[in-house]
Each structure stands twice: as C-alpha cells, then as structure tokens.
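Here is a quick briefing on one protein chain. Look through the sequence and the coordinates before reading on.

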Amino acid sequence: MSGSGIFAEIIDGDVFNYYADGKWNKSSSGKFVPIINPTTRKIHFKVQACTQEEVNKAIESAKIAQKLWAKTPLWKRAELLHKAAAILKEHKAPIAECLVKEIAKPAKDAVTEVVRSGDLVSYCAEEGVRILGEGKFLVSDSFPGNERTKYCLTSKIPLGVVLAIPPFNYPVNLAVSKIGPAIIAGNSIVLKPPTQGAVAALHMVHCFHLAGFPKGLISCVTGKGSEIGDFLTMHPGVNCISFTGGDTGIAISKKSAMVPLQMELGGKDACIVLEDADLDLVAANIVKGGFSYSGQRCTAVKVALVMESVAETLVKKIKDKVAKLTVGPPEDDCDITPVITESSANFIEGLVMDAKKKGATFCQEYRREGNLIWPLLLDNVRSDMRISWEEPFGPVLPVIRINSVEEGIRHCNASNFGLQGCVFTKDINKAMLISDAMETGTVQINSAPARGPDHFPFQGLKDSGIGSQGITNSINMMTKIKTTVINLPTPSYTMG
Ligand code: G3H
C-alpha cells in the first residue's frame, strides 16, 4: 500500500511530506495540493504546498551537499546508486500502485516503469564509472607555432545543483533519468515532480533516502507551479535544468539563467508507410505505438502517412486491432484508461470534433465517459484539420493518405516538432534516404518510435527540445570539462 510499510514516514496525516535536508518535512504553508485520480475524478492524494522559503533552503542544502559529494569517490557514488536501484525494484508494487491511482497507468505498465527505472539507475552507475573515469591528454605541438612544452589534461567535473522536472506520464522513470546521471556525475538534485505523479515520485525518492545518500544531496519539493515553478527555474542557485514536458519548456528556456538546459517537449511523431511495407507489422506497431498508455507518450505515433495504394488494407488491419483493445480502469490493466485530466479530455475532444466537421472518416464511433476516451482511428485526414499538426496526447490517431514518399516527408518536416518518426519498408536503401530526409531527432526503421533502450541517444529537433538524452548523453550533459595545463620550461638543450 502507498504510504505504508517502509514508506510510513513519508506521510503525515493524509498529506505526503516533501523531502529536503535528508528528512521528510511538513510545509510551513499549512496548505496542500490535491491530486485528482483521473479515473474517479476525485481527490486521491494530497502533497505539501511548499513555500519559496522552503525551496530556498532545499537549494541551499543541495549546494552544500554537492561540494562534498563531488569529492566522494566515483565507485562509492556508483555503489549507492546500485543500492537505491535495488530498493526501488524491491518496492515496485506500492510505487506502481501510486502510478495507477495518480496517472491511471495500466497496472502492468506501472510495474514496468518502476523496474525500468531501477535498471536505468544501475546502468547510470556503471556507465558513469566507465566514462567519468576517463579524461584526455593533449600536447601543444600539434597546433601550429607551438613547441612540445604544454601538456593538457582534461576531466569531467559536475555542474552543481541540477533541477529535475519530469512529466506526469513517467513521473518515476523520467525523474530517475535525470537523477541517476546527475548524481553519478557528482551533482546534487532538486526534484520538482509533476502534480499528478508526485506521490509515486516521493516514494521513489524515499528509496534513495533509504539507500543512504548524504543529507541535502537529493530533495523533492512539491507545490503549486504558480508559487514555486518560476521561482525554481529562475533560481540563481540552480546550475542546470533538465525538463521533460510540454511547451512550458519553451517558456523555461526563455526565462532561465545562463545554465545548461536539457529539454524534451513532445512531438508529432510521424509514421511513413511505403507500398512494400509488411502491413501486419505496421498495424501491430501503429496500434502499440499510437495507443499504449492511451497515446500519452511524447513518442506515440501521432500521425500515420500511408501510401494510398495500401491505405485501405492497412486501415482495415489497424481497425481490427483497435477493436480488440480493452477500455476501462487502470486497475484492471486495460489498454485504454482515462486520460490525465478533464481538460486534456476536452482538448482531445476538440481535435476530434474539428476533424469531424472537416470531413474525416471515423473508423469507430467517438465515445467518451468522463476522462475515458475510447480509441479512435481517423482516416482520410487532411492537412487543414488540427489533428494533422497538434498533439492530442490521447487515444486518437489520424491517418493521412499520401501519393508519394516526398509528400509524407514534406508533411513530417512541416511540423514544428521534430522528436521521432518511423518508416516502414522492406527497402533499406529507401529507409535510409527517408531517415536522412526526416527532420526528427530519431527515425525508427520498421518499428514504432520509442525512447528506449534508455542508453540510446534521445533528442528532439525544433520545438521538441534542446540537447540529447539517453544515459551517456545525460551524464556528459551534466558535467563540464575541466582543463589543467602543465607548462614545461623550454628545453635549453637538444635531446638525443
Ligand atoms: O513521453 C515521453 C517519453 O520520453 C516517452 O518514452 O518512448 O519510453 O514511452 P517511451
């Protein structure tokens, strides 16, 4: 059960505490933030509404803790991360239960998220030991006009305090994808979890607490975005921001100080289907890619661009598979569960109604109960419909029929987003040329877009983000190069 057993100390009455200075605290604000269960649409959990003063203190102790942590041997940092990963995996059930209640993640996927997170943390520990244990050695006489009198040694040093802001759809996994790299690299972390997903995140943070990290090194502040959001992202004590979410990221990047930013801000991931594609494979990937977690993934297939000659057959295959998706509560492990909030459901409905008005073909009847929206495939979508360009973040997938590959690429590249895309064909040469032409951070050949495995580079172009993620890239991003130059006296004699 959430908030019980080893997690008993993270809750006070019926409000979950925030974590700072190595302990669980009640906010002096006396206020809480309610967390609405997307399924029941009733308050399920409450978290502390931290004040700006409490944020200041968390950042101050993060600053102090980081100085010592940076001097802690790398192998010791790795050891503690492995310990936290093991505790996290051992306690996957209560954490997954929070994900089910807070974000309506299907039960099995919720467990998978926690296990994946444990694996990610362990991989960070191993990768960090490998890449941070290495530096560079340069000599001066490779640059014109220089003698061999300067030896340059480089190593990677931490940035300081990293602010981590993960999104609601992976409140545990996309939190540890920031915490793991930051901590192994010698930084401290201030985590601001999403409101929905905050309780799962607090449970995850408790696993790090139990692993025995020094006090102040990791903190987790909860609260209203209006009170502590800008305050955190514009705080002079923050040395790096790693954010995953919507276009709030664009606002953060405009307001933040001169600190390294890692931003992942969504996508309109296109799936281009050629005439020679294996249509059963395409249908399976489009359904999994488009509808898993009810389409609430930045890497979900968000528009299928299908060659007209195979569109009829493919749409029929997708339709048959969509009919088999189960719809209902996350506790029953249904494929399609309620979307995160009522306003998200309203937004999705707005896109659907716009497509209806403009003449899209509905492969199923549109159905909605509360936040639950039945999976919907829209065929014959045209580019004057909002759904062609906007990200529904829901179980609605548009199919645009195309007459040439170029038309598909043009549509993909006309988007403001550029996260991932995919192409289905048996011709590897064509696939490579299309991949080159698609303006997205990643192109998957013959599979749906996906972030994982978590050590692969993951990055968006255009409005989809700044910087590259994936474990190795995140560790590197959360470090700076430090150079020491040994200046030798000019030899007064000739050797040899
Ligand atoms: O929602 C954004 C996530 O980074 C997507 O991750 O591809 O593992 O579902 P995923």
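This is a predicted model: local features need pLDDT of at least 70, side-chain atom pairs count only at pLDDT 80 or more; totals for chains, interfaces and linings use all residues.

The UniProt record, an unreviewed entry, places the feature "domain: Aldehyde dehydrogenase" at residues 24-483.

**Domain span**
- Residues 24-483 are 41% helix and 21% strand.
- The end C-alpha atoms of this span lie 39 Å apart.

**Cysteines**
- The structure holds 0 disulfides.
- Cys98 is in no disulfide, and its nearest cysteine sulfur, that of Cys207, is 10 Å away.
- Cys98 counts as buried because its relative accessibility is 0%, under the 20% cut-off.
- Cys298 is also buried, at a relative accessible area of 11%.

**Ser415**
- Ser415 sits in the loop between helix H12 (405-414) and strand S21 (417-418).
- With a relative accessible area of 7%, Ser415 is buried.
- Leaving aside residues up to four places away in sequence, Ser415 touches Lys268, Trp389 and Lys462.

**The S7-S8-S28 sheet**
- This open sheet has 3 strands in the order S7-S8-S28, with antiparallel pairing.
- Strand S7 (136-139) and strand S28 (479-487) are the edges; each has a single partner strand, so one side of each lacks a neighbour in the sheet.
- Neighbouring strands here are turned by 25 degrees against each other on average, direction ignored.
- S7 pairs with strand S8 (residues 150-158) over 4 bridges, in the antiparallel sense.
- Phe137 has Leu153 in S8 as its bridge partner.
- Strands of a sheet pair through backbone hydrogen bonds.

Definitions and conventions
Residues are numbered from 1 along each chain as its sequence is written. Side-chain values use heavy atoms; hydrogens and water are left out. A disulfide is a pair of cysteine sulfur atoms within 2.5 Å. Buried means under 20% relative accessible area, exposed over 50%, partly exposed in between (1.4 Å probe, protein chains only). UniProt positions are given in the numbering used here, feature names are shortened, and annotations may be inferred rather than shown by experiment. Helices (H or I, at least four residues) and strands (E, at least two) are DSSP runs, numbered from the N terminus. Contact means heavy atoms within 4.5 Å. Two strands pair if DSSP finds at least two bridges between them. Axes are lines fitted to C-alpha atoms, for helices over the stretch in contact, and angles run from 0 to 180 degrees between N-to-C directions.
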